[in-house]
Amino acid sequence: MQLFIDIINIVLPVFLVIALGFFLRRIELIDAPFLATVNRLVYYVCLPLLLFYKIGTADFFANFNPVLVLGCMAVAVVLFCVTYLASGIIGLPAAARGVFSQGACRGNLAYMGLAMVLNAYGENGLTRAGILMGFLVPLYNLGSITVLTLPHRNNGGGLSLKSWLKQILLNPLIIASAAGILWSLAELPLPRLLVSTLHIATGMTLPLALMAIGGSFSLRRLRGDIRLASMAGLVKLLLMPALTALVLISLGIRGLDLAVGLLLAGAPAATANFIMAAELKGDAELAGTIVMHTTLLSMFSYTLMLIILHACGL
């Protein structure tokens, strides 16, 4: 019973902050323009600062596990391929194929994943998750762009190589993670004034991110194909963490690295999936349904995952 209470104390605060955002939107204390501004602030400023701060001030080699990175990347690549092929086998239309695959594989690492890792394993876990994110975010972006454009490759729906590279190389999270890694490798000290400033500024990142998720929640986005959303959710919330656990354990990954890898693998579908689907001729309604569906259900999947991890002493 005490184990369950401990897990609830980890998981529930994250979702209560999401619920706070939903409540504030319902009573119109915050509105759509405010949420759009917050999302831009978090994505372009707060999260990059947080990643640079946590990675740049950490001992890179003490927190970087190349086997963990390669194992998590391998699982993502396999699932992108399998889910995209499966979407063709079951006869999904072109607009839904990439959206289904993206929703089943691309998790909300920055908002949900980091928040859950921080709440469960503290600053040390957050640093390791930030480094792992630095490698997973480019792969997730590449995979999403690929599966969304492939169904339209014969009718002019693909991205040019220049646009493709721009999507990857100009991503603020990728830039911040790379800068943090380089700073850590160079073993350059951050001035105390800057450290204090970053500590204060980055403290607002995850609360704002979670409130933005809650404020953006809309029952209208649950009007898409619930059957497909449930299938994508099954892959994203259960199959991906299970496969990640199998791969990482077989590679000898244990302890905090294993826990961080699983919590990031089990993150619900990324909020950006909806935006990217709309931009690349995908089924935006289905994308929104998958995001809302997996975000709601992740409260239970995260609870189950953490019960198993804590029962195993992690």
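Reader: Where is E187 placed in this model?

Author: In this predicted model, E187 sits in the loop between α8 (172-186) and α9 (192-202).

Reader: Why is E187 called exposed?

Author: Its relative accessibility is 70%, and exposed means over 50%, so E187 counts as exposed.

Reader: Let's turn to the rings. How many aromatic pairs does the structure hold?

Author: There are five aromatic pairs.

Reader: Why is the pair of F52 and W183 called edge-to-face?

Author: Ring centres must lie within 6.5 Å to pair, and planes over 60 degrees apart count as edge-to-face. Here the centres are 5.7 Å apart and the planes stand at 75°, so the pair is edge-to-face. Because F52 lies in helix α2 and W183 in helix α8, the pair ties together parts that are 131 residues apart in sequence.

Reader: Is F52 buried or exposed?

Author: Buried means under 20%; F52 has a relative accessible area of 17%, so F52 is buried.

Reader: And what makes F64 and F135 a stacked pair?

Author: Stacked requires planes under 30 degrees apart. The planes of F64 and F135 are at 25°, with centres 5.5 Å apart, so this pair is stacked. F64 and F135 also belong to a cluster with F60 and F61, linked by ring pairs.

Reader: How do you know that R26 sits over the ring of F22?

Author: The cut-off for distance is within 6 Å of the ring centre, and the charged end of R26 is 4.4 Å from the centre of the F22 ring, sitting over it.

Notes:
Residues numbered from 1 in each chain as written. Predicted model: local features only at pLDDT ≥ 70, side-chain atom pairs only at ≥ 80, totals over all residues. Heavy atoms only, no water. Helix = DSSP H or I, 4+ residues; strand = E, 2+ residues; numbered from the N terminus. Buried < 20%, exposed > 50% of the residue type's maximum accessible area, 1.4 Å probe, protein only. Phe/Tyr/Trp six-rings, centres within 6.5 Å; stacked < 30°, edge-to-face > 60°. Lys NZ or Arg CZ within 6 Å of the ring centre and 35° of its normal.
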